[in-house]
Amino acid sequence: MKATLDKQIELRSAIVYLRFEKEIHRKDIQEYLKGKQFDKPLIENRVKDYLKNIKLFDEKHQLTALGHSVKETGMLPTIEEGKYQIWFTNRDSYFGNKIFYIKRVQPKREGSDQKLQLRFDDYGHFYLPSETNSFSNLKLLPIKDYFGQNRNDTDHISLRWSWENLEKSNYVFDGQLGKGANAIKLKPISITCKEDLKILIEELLSEWDKKNERLKIRFDEIDEQSKTTFEDNIQIQWNDFKVQFQKIPLMPYDLDDARKWRNWLVNKSLRKDYLSPSDFESTLIEVNHKDAFKSYSNSLDIPKPESFSNIIKKDSVAFWHLNAPLDLNPNIKAKLAAKPIELIKETKVSFNDIVNKLGFESLEGISVAVYYDRYVVNLSQQKSVSALFKAVESKSKIVITDLSPKENSSDFIQKNYPEIKLRDCKSIFKSRLPHDRYIVLGSNDEIQIWNVSNSIDYITFSDSIIDKNTQGTIRQSVVFTPVSKEMLDKDLLNFIENEVKNGK
């Protein structure tokens with residue numbers, strides 16, 4: 001998220017007697033504090049005494065807190081007193097009563113000098129950068145009364161305040177003070193602002209959710225792009241500022257809006273592709289756990305395909321993609337009449353049991369084992385695939401899946417099982433991605449292929465660490481059907497045959 005706040009600032013002017021503390025850049029002192037020394041002991045000792053007198057060294061010539069600050073920044077606070085022309089705000093909606101610029105003038109007392117009714121805030125004064133001076137903070141020191149002369153003219157300068165998320169921000173002031181040959185041109189450089197943006201944004205946006213750092217908004221108040229990206233660009237007026245937010249993060253206003261938003265996203269997925277009951281459930285779970293829904297994820301239900309069909313029945317494309325995936329999906333090919341193997345819901349089983357049921361041990365010298373599924377994304381899916389491959393003895397183990405970054409993407413396989421290669425399905429398939437799932441084993445001249453009816457999370461585990469012998473529960477019945485390689489998508493088949501050839 002980025003934000004820019006723009007406003008015009010009116011500055012009054014006066015000539016007054018001031019006493020203040022400002023920072024000046026002392027490169028010579030900074031270099032000394034960083035290790036530079038003088039060859040002559042007399043000079044070295046005098047420098048140390050001087051730094052002790054200005055509070056950069058303590059009695060033992062060790063750096064004080066102020067000394068550490070000057071060593072880091074090179075900026076040394078110094079006290080000045082005299083007669084100055086000042087430019088200041090008076091009851092500004094944001095800055096209040098602050099001095100923005102000072103210029104020393106002749107110290108002689110004019111006959112027109114008088115007691116001025118000036119009141120300044122205790123802190124937050126500036127010495128804005130110009131062509132002749134750098135930026136500095138000013139600290140006004142106590143003075144009983146201000147004497148001098150008011151100036152009748154006023155100047156206007158512009159401010160752009162830029163936010164980088166809620167972590168940091170900076171000011172850029174632009175314009176000039178005075179007119180004619182004596183005008184002072186401000187230098188529009190970035191000045192760090194120390195305002196706590198996480199507190200301030202709650203004042204700007206009444207519906208800002210502090211915990212999630214997102215703007216709560218009604219589902220019907222945003223366009224389709226924002227519903228997809230969970231971001232929006234908005235403009236508001238705050239005090240005298242014109243505020244422009246870019247890519248401000250969004251979240252549903254309440255649980256009812258969260259359901260509408262979730263259903264809309266799932267409906268959008270259904271318009272693109274066919275979803276089996278298992279894939280439909282996986283899509284619902286994935287959407288429910290998006291960051292924008294975090295506050296509502298425990299309350300969002302997981303409707304069955306039949307009930308969700310009633311919600312989307314007016315959208316004929318999404319309706320049929322949900323209700324007829326096997327009949328209408330052009331990627332579904334005729335299966336062989338060989339023995340399919342079904343694991344019934346609530347069955348207790350391990351991946352080693354599944355591998356034995358599929359008869360993988362009958363293949364000798366497996367060189368390549370491939371698992372294809374578009375959804376090997378989250379932690380549980382990656383843990384399950386890893387356990388499956390532990391049960392398969394193969395020289396090469398490959399997972400082909402969609403590697404596009406997602407909110408719930410896990411790097412479990414990369415971190416824990418580098419021997420398992422991850423390949424992006426978009427780099428293998430030249431046309432649309434098949435929605436089927438396959439386990440493929442290559443051995444010598446034989447390729448064994450099993451079509452899997454559900455995604456890898458058809459089995460759930462109570463254990464956090466999953467091995468090939470860890471018992472899990474089948475949460476939705478799954479069917480493994482052997483198919484011939486002629487039934488396989490040609491891009492996938494070419495990839496596997498090349499891997500088998502290279503693995504010999």
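The structure described here is a predicted model. For Ile86, once its neighbours within four places in sequence are left aside, the residues in contact are Arg12, Ser13, Ala14, Val16, Leu18, Ile99, Tyr101, Ile102 and Phe120.

Helix α6, covering residues 255-272, contains Asn263. The relative accessibility of Asn263 is 16%, and because the limit for a buried residue is under 20%, Asn263 counts as buried. With its neighbours within four places in sequence left aside, Asn263 is in contact with Phe308 and Ile311.

The count of salt bridges in the model comes to 28. One of these involves Arg262, which forms a salt bridge with Asp301, the closest N and O atoms being 3.0 Å apart. Asp301 is placed in the loop between α7 (277-288) and α8 (305-311), whereas Arg262 belongs to helix α6, so that the pair ties together parts that are 39 residues apart in sequence. The two partners are described by separate accessibility values: Asp301, at 38% relative accessibility, counts as partly exposed, while Arg262, with a relative accessible area of 1%, is buried.

A further salt bridge joins the side chains of Asp28 and Arg26, with an N to O distance of 2.9 Å. Asp28 has a relative accessible area of 45% and is partly exposed, and Arg26, with a relative accessible area of 21%, is likewise partly exposed. The value for Arg26 is 21%, and since buried residues are those under 20%, Arg26 is assigned to the partly exposed class.

The side chains of Lys406 and Asp402 also meet in a salt bridge, at 3.6 Å from N to O. Here Lys406 is partly exposed at 24% relative accessibility, whereas Asp402, at 15% relative accessibility, counts as buried. This pair belongs to a network in which salt bridges that share partners join Asp402, Lys406, Asp424 and Lys426.

Turning to the strands, seven of them form an open sheet with mixed pairing, in the order β16-β25-β22-β21-β18-β19-β20. The edge positions are taken by β16 (341-343) and β20 (420-424), each of which has a single partner strand, so one side of each is left without a neighbour in the sheet. On average, and with direction ignored, neighbouring strands of this sheet are turned by 20° against each other. In general, the strands of a sheet pair through backbone hydrogen bonds, in either a parallel or an antiparallel manner. Within the present sheet, strand β22 (residues 446-452) and strand β25 (residues 478-483) pair in the antiparallel sense over four bridges. In this part of the sheet, Ile449 stands opposite Val483 in β25.

Technical notes. Residues numbered from 1 in each chain as written. Predicted model: local features only at pLDDT ≥ 70, side-chain atom pairs only at ≥ 80, totals over all residues. Heavy atoms only, no water. Contact = heavy atoms within 4.5 Å. Helix = DSSP H or I, 4+ residues; strand = E, 2+ residues; numbered from the N terminus. Buried < 20%, exposed > 50% of the residue type's maximum accessible area, 1.4 Å probe, protein only. Salt bridge = Lys/Arg side-chain N within 4 Å of Asp/Glu carboxyl O. Pairing = 2+ DSSP bridges. Axes fitted to C-alpha atoms, helices over the stretch in contact; angles between N-to-C directions.
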